[in-house]
Amino acid sequence: MADPSFDATDNETAAVQVVAEAHGVPFLAIRGISDGAGDPLRLPGFPLQFFFYKQLAADNAARVAAAFLQRLD
């Protein structure tokens with residue numbers, strides 16, 4: 001059952017997954033979500049919100065990817 005505490009849609013990654021599966025290629029995606037309902041920091045709108053959360057999402061995705069890769073050794 002899906003976790004009701006969050007809801008995300010990522011069409012780009014889903015499309016890549018379909019192609020990978022069709023070719024029997026293992027696939028793992030790590031994505032950062034930079035937009036959603038509300039603004040927990042109450043930033044003053046676009047473009048500040050966009051640039052702040054985009055960077056935060058990228059940094060978080062990079063941390064997760066690095067931690068995952070370290071555990072592969």
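**Helices, loop contacts and surface of the predicted chain**

Thr13 is located in helix H1. In this predicted model, the residue is buried, since its relative accessible area is 14%, which is under the 20% limit for that class. The side chain of Thr13 forms a polar contact of 2.6 Å with the side chain of Arg31. Apart from neighbours within four places in sequence, the residues in contact with Thr13 are Phe27, Ala29 and Arg31.

Phe27 belongs to the loop between H1 and H2. With a relative accessibility of 34%, Phe27 is classed as partly exposed, because the value falls between the 20% and 50% limits. When neighbours within four places in sequence are set aside, Phe27 contacts Thr13, Val16, Gln17 and Ala20. For one of these residues, Gln17, the C-alpha atom is 6.5 Å from that of Phe27, while the two residues are ten apart in sequence.

The chain as a whole contains two helices and zero strands. Helix H1 covers residues 11-22 and helix H2 covers residues 48-72, with Ile30 placed in the loop between them. Of the 73 residues, 10% are counted as buried.

Part of the surface is a nonpolar patch of about 560 Å², made by Leu28, Ile30, Val64, Phe68, Leu69 and Leu72. Ile30, one of the patch residues, has a relative accessibility of 31% and therefore counts as partly exposed.

Asp39 is buried but takes part in no salt bridge. The nearest side chain of opposite charge is that of Arg42, at 7.8 Å; a salt bridge would require a side-chain nitrogen of Lys or Arg within 4 Å of a carboxyl oxygen. The side chain of Asp39 does make a polar contact of 2.6 Å with the side chain of Gln49. If residues up to four places away in sequence are not counted, Asp39 touches Gln49 and Tyr53.

Arg42 is likewise a residue of the loop between H1 and H2. Its relative accessibility is 72%, so Arg42 is classed as exposed. The backbone of Arg42 has a phi near 55°, which is a positive value in a residue other than glycine. A further backbone feature concerns Phe46 and Pro47: the peptide bond from the former to the latter is cis, and its omega is near 5°. Pro47 is placed in the loop between H1 and H2.

Asn60 is found in helix H2. The relative accessibility of Asn60 is 36%, and the residue therefore counts as partly exposed. Asn60 and Ile33 are separated by 27 residues in sequence, with a C-alpha to C-alpha distance of 9.3 Å.

How values were computed
Residues numbered from 1 in each chain as written. Predicted model: local features only at pLDDT ≥ 70, side-chain atom pairs only at ≥ 80, totals over all residues. Heavy atoms only, no water. Helix = DSSP H or I, 4+ residues; strand = E, 2+ residues; numbered from the N terminus. Buried < 20%, exposed > 50% of the residue type's maximum accessible area, 1.4 Å probe, protein only. Patch = residues over 30% accessible without salt bridge, like charges linked within 9 Å, V, L, I, M, F, W, Y side chains within 5 Å. Areas by Shrake-Rupley, 256 points an atom, 1.4 Å probe, with all protein chains shown as cover. Lys, Arg positive; Asp, Glu negative; His and termini not counted. Polar contact = N/O pair within 3.5 Å; in protein donor to acceptor, adjacent residues only side chain to side chain. Contact = heavy atoms within 4.5 Å.
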